[in-house]
Amino acid sequence: MTDPIQPPRVLICDDDAAIREGLVEVFERAGFTAYSAGDVAAMERQLAAKGADLIVLDLMMPGEDGLSACKRLSGKGGPPIIMLSALGDDADRIVGLEIGADDYLAKPCNPRELVARARAVLRRGRDTDVGAAEAVRFAGFRLDVARRELHDPDGVVIALSAGEFRLLRAFVERPQRVLSREQLLDYAFDNDGDVFDRAVDVQVSRLRKKLERRGGPEVIRTVRGEGYLFSVKPTA
């Protein structure tokens, strides 16, 4: 969670030194604490030493690439990630969002737009931490909203990306109602940036797989032509 008193910390991981230095300067001028890494291994060391509230991660790098790193970090419930890539068509954006990125920008991007996207991602993260200190239960699962932890019926913690957590919270707060893709964009993604209908479908699919239990109810149902329904009623 971002400390409201300290400036947010952004870690820029890109193998191009000029891009790294330029973005560090842009973010620092915008009031962030910014630092950088030239590859994923260096990024991991920076995270261990300093932590981060947000990662700006290049897709194509020597060694471990950005997609692999993003998937691994989001699977551990790490900080939100904005991916940067020279590959900017819809298919590439879907892949980035599917593996856990919170936003995706094509290179070259306007630095001011990147900062605006960063603020939006961090704002959504703060919003999910407001209130709801008590756990919510549904279909044997337990969602601790304050800690952003989902426990399955056996008590095992299920890792959620930031996007999956926001989406699940949107469903839990509006159970047994059909929610359109447009509504989910507003509730879970703040309708920022290039998040679009197909990306919502991808996030729902990933979340649905994590809620599947043999013999259990279908927690998220698809309502053809209308959207999605959280079929169970949560309890405190």
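1. How many bridges join strand β1 to strand β2, and do these strands run parallel or antiparallel? Five is the count to look for in the model, given there as 5 bridges between β1 (residues 9-13) and β2 (residues 33-37), and the two strands run parallel. Two strands are said to pair if DSSP finds at least two bridges between them, while the helices (H or I, at least four residues) and strands (E, at least two) are themselves DSSP runs, numbered from the N terminus. Within this pairing, V10 stands opposite A34 in β2.

2. A word on the basis of this note: the model is predicted, so that local features need pLDDT of at least 70 and side-chain atom pairs count only at pLDDT 80 or more, whereas totals for chains, interfaces and linings use all residues. Residues are numbered from 1 along each chain as its sequence is written, and side-chain values use heavy atoms, with hydrogens and water left out.

3. The strands of the opening point also belong to a β-α-β unit, made by β1, helix α1 (residues 17-29) and β2, and this unit is right-handed. The term means that, with the strands pointing away from the viewer, the path from the first strand over the helix to the second runs clockwise.

4. Helix α2 (residues 40-50) has a buried set consisting of V40, A42, M43, Q46 and L47. These residues lie on the same side of α2, because they cover an arc of only 155 degrees around the axis, the arc being that of the directions from the helix axis to the C-beta atoms. On the other side of α2, R45, A48 and A49 are exposed. Here buried means under 20% relative accessible area and exposed over 50%, with partly exposed in between (1.4 Å probe, protein chains only).

5. As for what the buried residues of α2 pack against, the partners are β1, β2, β3 (54-58) and α3, where contact means heavy atoms within 4.5 Å. The N-terminal end of α2 is capped by D39, which has a side-chain oxygen 3.3 Å from the backbone nitrogen of A41. Just after α2, G51 takes a positive phi of about 75 degrees.

6. Across the whole structure, a search finds 16 salt bridges, each defined as a side-chain nitrogen of Lys or Arg within 4 Å of a carboxyl oxygen of Asp or Glu. In one of them, the side chains of R72 and E44 meet at 2.4 Å, N to O. This pair links distant parts of the chain, since R72 is in helix α3 (residues 66-75) and E44 in helix α2, 28 residues apart. R72 is partly exposed at 27% relative accessible area, and E44 is partly exposed at 26%.

7. Another salt bridge brings together the side chains of K210 and E164 (2.8 Å, N to O). The pair again links distant parts of the chain, with K210 in helix α8 (residues 197-210) and E164 in helix α6 (residues 162-172), 46 residues apart. K210 is partly exposed, with a relative accessible area of 25%, whereas E164 counts as buried at 0%.

8. R181 forms a salt bridge with D201, and the closest N and O atoms are 2.7 Å apart. R181 lies in helix α7 (residues 181-189) and D201 in helix α8, so the pair ties together parts that are 20 residues apart in sequence. R181 is partly exposed at 27%, while D201 is buried at 17%.

9. D14, D58 and K107 are linked in a network of salt bridges. Two of these residues, D58 and K107, are also among those touched by S85, together with L59, Y104, L105 and A106, not counting residues up to four places away in sequence. S85 is found in strand β4 (residues 81-85) and is buried, with a relative accessible area of 0%. The side chain of S85 makes a polar contact with that of Y104 at 3.4 Å; such a contact is a pair of N or O atoms within 3.5 Å, and within protein one must be able to donate a hydrogen and the other to accept it, while residues adjacent in sequence count only if both atoms are side-chain atoms.

10. Finally, an open sheet of 4 strands has the order β6-β7-β8-β9, with antiparallel pairing. Its edge strands are β6 (135-138) and β9 (157-158), each of which pairs on one side only. β6 and β7 (residues 141-144) pair over 4 bridges in the antiparallel sense, and V136 stands opposite L143 in β7.
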